[in-house]
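Subject: Structure handed over, with notes

Dear colleague,

The structure is below, followed by what was found in it. Please read the notes with the coordinates open.

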Amino acid sequence: MMAGSVLALLVVSLLHSTKCSCSAFCQISPNITSVAYSETIVNHTIVGPIMSSITAKNERECEMECHLAVPDMCYMFNYYLSSKVCELLYKDRAAEYKVKKKNGSKVKTRKCVLNPCLNGGQCYTLGDKTSSSCICIPMFQGSKCELCRTPLHSTKTYLDAITNYTIVGPLLQSLTASSEASCECKCQWYDQDMCYMFNYYPSSKVCELFHKDRPAEYKMEKKEGSTFKAPKCEANPCLNGGKCLSFAQNMTGNEYCFCETMFNGTLCQNPTCTFTSSITPYANAILNYSIVGSILWSFTATNESACECACNEKDQGLCYSFNYNPSTKFCELLYKDTAAKYSVVQKPGSTFKARKCNSNPCLNEGKCFVLGNQNKQSCLCHPLFTGPKCAKPICKTDPNVPAIQYTASISNYSISGPILRSFTTINEMACECTCQMMAQGLCYMFNYNPLSKMCSLLYNDRATEYSVSPQPGMMFKTRKCVSNPCYTIGGECYSLGDGSGQFCLCKPNFNGKYCHIAAMGIQVNTAPVCIGATGDNFGTFVAPFDGKVKTFRLVHLSGGVAHIGGPLDYAGLGNWGTKAFFFLPLLRTFPMKIELHVTDENNARITPPLGYPLDMDYDRMGYDLSGYTNMSPELIFPEISPQITVKKGQRFRIWFGQDLANNFYDIDNLGTTCADAHIYYTE
């Protein structure tokens, strides 16, 4: 290793003493990294810390000095032609360098791994960085030389590229360009603004530039795969979306109209429509409305027929509908296959046409039209109706009468009593709307028969004369209850007349004034009721209704409780009490028992009722219950006799036996059990 380093030093010394040129034989030490350099960048210099400044006969000798710098520290250099000065620069101080313009100077840096520079830009990298930068030729700018720098002398504004056509005539120059934009930029920058238009061929990258002052020698021809651009006319005389282009600068009479395929004539004034049988006919024009959404093409059309012609012929049937404004003559063509993105809005003075519906699903004089393909039929409704098929009336009520909030429809029942008005209508919503619009709020409820479409409106102020009874096939609606007194799972609330009286209509398997009586009781908790085994950790629940109660039910959710814990935990947790276990210190077995009790807020036991047999050993207050064990998934407490009368909002507690007894025996209890609570109402 030492011998190699000495050899390298000797080579350097020899080079310095003999001034070996690159044309001479110069051997680089194998211990020195060979650097691949960029192409020479002229009239630029790198500004920053200089490792060494020497004299070199030429750029190649300067490069060799950088190669031989020890220990492998030089990756780039500046060379000044006039002074023959060679500046060697560090490889590992990239952040301290930057490149600046300087006439008469040359720069070489480490070669870029990948060259991102476009349009003839030169790539360089500073020091041993892997990131690359670009120096652009004068007509381009941007981090990758991707943008055209607008020349001061150019005033041209180009049309959008016209595809599959080419300009034929005398060439100014043919060259290569990486893109159409690059070709346009080269035309803009051509000597003294001599280039006026160009062809570009994407596949071959050929860019053809044309003269600005020889219009009589140019013409257009169709050519697949080609595009051309020419400047816009100062004024556009072309009709029906025709593009006006000029073949000469500041020479009137050289304007040319490039027409869309569905029009011809010198000004594109003649439609060339060929309606085919495969295209569905248009619906009638719909006035004062417009379709909003993605636009395929927009232009000024001579009339509505020209707009329709353009839609019919556009791009192999891509257009199925269009907007047209007769006053502005503006035509918007819309796609056939983006129906989900379109909507129709009111727009005075505008019209639209869409494809005709196969069948008309629209009710109440609604107009049917097709947005996109035939699977998307839509209705434009009469102002008094709304909805997908115009089936929903728009109620225009008296502003001095509060709007009625209705219940949900109650099916297979009807209200019997005096009828305000009967008539047939299209649906339940129309019936409701008519009730809503009755003068001075006379109607608050109605019956409706979906089969016969018969609507019966009922008075708002004769509640005592009405009653509800089963009626298959019928339905009714009333004013919404101010507050719902019904057990929501078991029934629906309705009000008769002005809403001062609220009633509950019970579902099957529920009955009672509030639909609160059920064979398996009703659930009264919203969050789990949890009962601990010690520390007055009782669970609570609340009665939601007035009435008589015969018992309570718990449905286990999680956890368990037991009356012996700590180091003597021979007992298992049970849903409703301790499992059977053998207690070694007393050499005896404790039997399995249920140990939960329901009390009032004063801890007076309700169930099991007083006198029910209890196991009071160690005050555990355990008991047996036919059909249940302490591990049953649910527990129905012993019935209360006589039944108790409860009030809405009355609170109850559920206790673990030893915790209720409130003595020292509960100190080693453990566990918490959680359940849903149910009350068995009987009236």
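K144 sits in a loop, with strand 8 (140-141) on one side and strand 9 (147-148) on the other. Please keep in mind that this is a predicted model. Once its neighbours within four places in sequence are set aside, K144 is in contact with P116, C117, L118 and C134. From K144 to G121 the C-alpha to C-alpha distance is 7.5 Å, although 23 residues separate the two in sequence.

On annotation, the unreviewed UniProt entry lists "domain: EGF-like" for residues 108-146, 229-269, 353-391 and 477-516. In the model, the span 108-146 is 23% strand and 0% helix, and 23 Å separates its end C-alpha atoms.

Helix 3 (residues 180-188) is largely enclosed by the rest of the structure, because 7 of its 9 residues are buried. The buried residues of helix 3 are S182, C183, E184, C185, K186, C187 and Q188.

Helix 4 (residues 304-313) is mostly covered, with 7 of 10 residues buried. Those buried in helix 4 are A306, C307, E308, C309, A310, C311 and N312. The elements over them include strand 17 (263-264), strand 18 (270-271) and strand 20 (295-300). Strand 21 (319-325), strand 22 (330-335) and strand 23 (343-354) belong to that cover too.

The largest pocket holds about 430 Å³ of space. Its lining consists of 19 residues, and Y165, F258, C259, E260 and T261 are the ones nearest its centre. Two or more lining residues come from each of strand 10 (162-168), strand 14 (219-229) and strand 16 (255-258). Strand 10 provides the largest share, 4 residues.

By residue class, the lining of the largest pocket has 9 nonpolar, 7 charged and 3 polar residues. Which domains supply at least three residues each to this lining? They are domain 2 (150-270) and domain 3 (273-392).

Regards

Conventions:
Residues are numbered from 1 along each chain as its sequence is written. This is a predicted model: local features need pLDDT of at least 70, side-chain atom pairs count only at pLDDT 80 or more; totals for chains, interfaces and linings use all residues. Side-chain values use heavy atoms; hydrogens and water are left out. UniProt positions are given in the numbering used here, feature names are shortened, and annotations may be inferred rather than shown by experiment. Contact means heavy atoms within 4.5 Å. On a 1 Å grid over the protein atoms alone, a cavity is a set of points where a 1.4 Å probe fits but cannot get out, and a pocket is an open set with protein on both sides within 12 Å along at least five of seven lines; lining residues have an atom within 4 Å of a point. Grid points are joined across faces, edges and corners, and a volume is the space filled by probe spheres set on the points. Ala, Val, Leu, Ile, Met, Phe, Trp, Tyr, Cys and Pro count as nonpolar, Asp, Glu, Lys and Arg as charged, and the others, Gly among them, as polar. Domain bounds come from an automatic or database domain assignment. Buried means under 20% relative accessible area, exposed over 50%, partly exposed in between (1.4 Å probe, protein chains only).
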